[in-house]
Amino acid sequence: MFRKLPGDEARNLVSTTPDTAVVFRPAVVRTPAFVTIVIWLSRLVAGLVRLVWRHPIAVAVPVVPGVIWTLYGWRLALVLVGLVLLAGLSWASLHWFSFLRLVGWRLLAFWRRVWIYRRHWQPVMIISGLGRHLRGRDYLPRLMRVECDGWADRLTVKMLNGQAVKDWADRTDQLAHGFGSRTCRVSIARAGRLVLTFPRRDPLAVPLSAVPIPDVVSVGPVEIGAREDSTPYRLKVHGTHVLIAGATGAGKGSFLWSTIRGLLPAMRAGLVELWALDPKLMELSLGRDLFTWYAADPEQCADLLDDAVTVMQERAGRFAGLLRSHTPTTADPFVLVLVDEVAFLTAYQSDRTLKQRITAALATLTTQGRAVGVGVMAALQDPRKEVMNIRNLFPDKIALRLDESEQVDMVLGDGARDRGALADHISPVPELGAGVGYVRLETSPDPVRVRAAYVSDDDIRAMVAQYAQAVDTVPITDQTTAPSPMPITTRVPVIGEVAP
Ligand SMILES: Nc1ncnc2c1ncn2[C@@H]1O[C@H](COP(=O)(O)OP(=O)(O)OP(=O)(O)O)[C@@H](O)[C@H]1O
């Protein structure tokens, strides 16, 4: 044990028997100076080789001109530097992105590795409790790699043996502030290695205008906005169910409307039907002519959900033994049931029979619907279990601005907030935070921060003007003759009209 302690510290480790009769004092064998020098020199050489191997460009930038200066004089070195700068500037002006990818981000990563991460690594690790100072030695996680792109730094880190991902996830705040970032996300690279993401700027801080209606007919993932690395965000709706939770004014409507917008060409082609439940009467009513079926009154909503269950069961009966998953066709289109403020129909519904009917229908759809092409996309404000006891039946979840930190894990599942889904920190100022949220898909435990594009009332009116007539069903005001993929027993009129 003593041999592991550095030099003089071992000398002070004196212990005695309880009666102090026997004193234990370690024998310190002094290492000859040349051994120490050889060890330090070999470490220096190994470090230099590693540096050249890992950062050839960053090393070449000072070393090559330095060598030329020494061998051939400063004039040649200056000419060379000038030529390289000129070549770099020409490259950057001609192909900015390839320049950034191959040179710019690497140089930035080298600089930030040296100046931010290496410099602060030891104090941040020790103070946050991720490293240990034991018996005179520092035991620190190893910083393996730093990569930069347009919006964030990504650090690959080798954990100390015996550490858990949770140890890191619990300290994202300390890590973020320790390295001068607003937030930190933790994800697993492979056994024992983590990737820490530190955003440098926030591309989602400005509202995004509505995504253009796609030219192609597709029921695949719908482009609804952007990720925080500025790439488009595409939300899968066919083959899943999506729950969107957010406080009032969080921008749930922009997720619903961006999805509707992206599905319009497929709807025109008859591959998608949108069924809308709008118990608040405020969100979806502006575009009701786009929907195959629209209901607002709770009883009508229950009827509409029962119809969706009937469609689902009929398809399941037909597909049984033949198909295991649904491909949208005009005969069997993908049915997307959109529900705004689902708690109005479940928790806040005073009629118990109606409430049970609605909850049972939603539970049936969310457990059995996706394989036969019936999906549910529901929005709600309060994610507590008493309000939405079937929230776990939705495979994909989106948490917009939430009032309390505990609500984040309620929506996205355990550990999501620890991994960086700070939905309770999203700004309540609409320009900054409305439509911003964290998406957690069933296929990935890592939450993704996105912002949905804002579909304005004018956009919705334009969508209605362009697509309402093209819907392959009669207008909703005359639903008694509406064609249907199968006989639907209950017809759902628009509220305020007389039921047939
Ligand atoms: N994606 C967005 N980008 C920018 N601003 C937005 C976005 N979505 C909504 N907003 C702004 O925030 C306001 C509230 O949005 P919205 O009504 O969709 O929220 P909500 O979550 O549906 O609220 P509620 O539950 O009260 O209906 C909108 O009037 C709009 O000004």
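**Entry 1**

I began with Phe344, which is partly exposed at a relative accessible area of 35%. The model I consulted is a predicted one. I then looked up Tyr348, and its relative accessibility of 46% also places it as partly exposed, because that class lies between the 20% limit for buried and the 50% limit for exposed.

**Entry 1. Aromatic pairs**

I searched the whole structure for aromatic pairs and recorded 11. Phe344 and Tyr348 form an edge-to-face pair, with 6.0 Å from centre to centre and 70° between the planes. I noted the edge-to-face label because an angle over 60 degrees is required for it. I also recorded one aromatic cluster, formed by Tyr117, Trp121, Phe179 and Phe198.

**Entry 2. Charges over rings**

I next looked up arginine side chains placed over tryptophan rings. The charged end of Arg43 sits over the ring of Trp40, at 5.2 Å from the ring centre. For Arg119, I found the charged end over the ring of Trp115, at 3.9 Å from the centre.

How many cavities of 30 Å³ or more does the structure hold? I recorded 1. The volume of the largest cavity is about 40 Å³.

I then listed the residues that line the largest cavity: Thr172, Asp173, Ala176, Arg182, Thr183, Cys184, Gly420 and Leu422. Sorted by class, this lining comprises 3 nonpolar, 3 polar and 2 charged residues.

Conventions: Residues numbered from 1 in each chain as written. Predicted model: local features only at pLDDT ≥ 70, side-chain atom pairs only at ≥ 80, totals over all residues. Heavy atoms only, no water. Phe/Tyr/Trp six-rings, centres within 6.5 Å; stacked < 30°, edge-to-face > 60°. Buried < 20%, exposed > 50% of the residue type's maximum accessible area, 1.4 Å probe, protein only. Lys NZ or Arg CZ within 6 Å of the ring centre and 35° of its normal. 1 Å grid on protein atoms, 1.4 Å probe; cavity = no way out; pocket = protein on both sides within 12 Å on 5 of 7 lines; lining within 4 Å. Points joined across faces, edges and corners; volume = space filled by probe spheres on them. Nonpolar A, V, L, I, M, F, W, Y, C, P; charged D, E, K, R; others polar.
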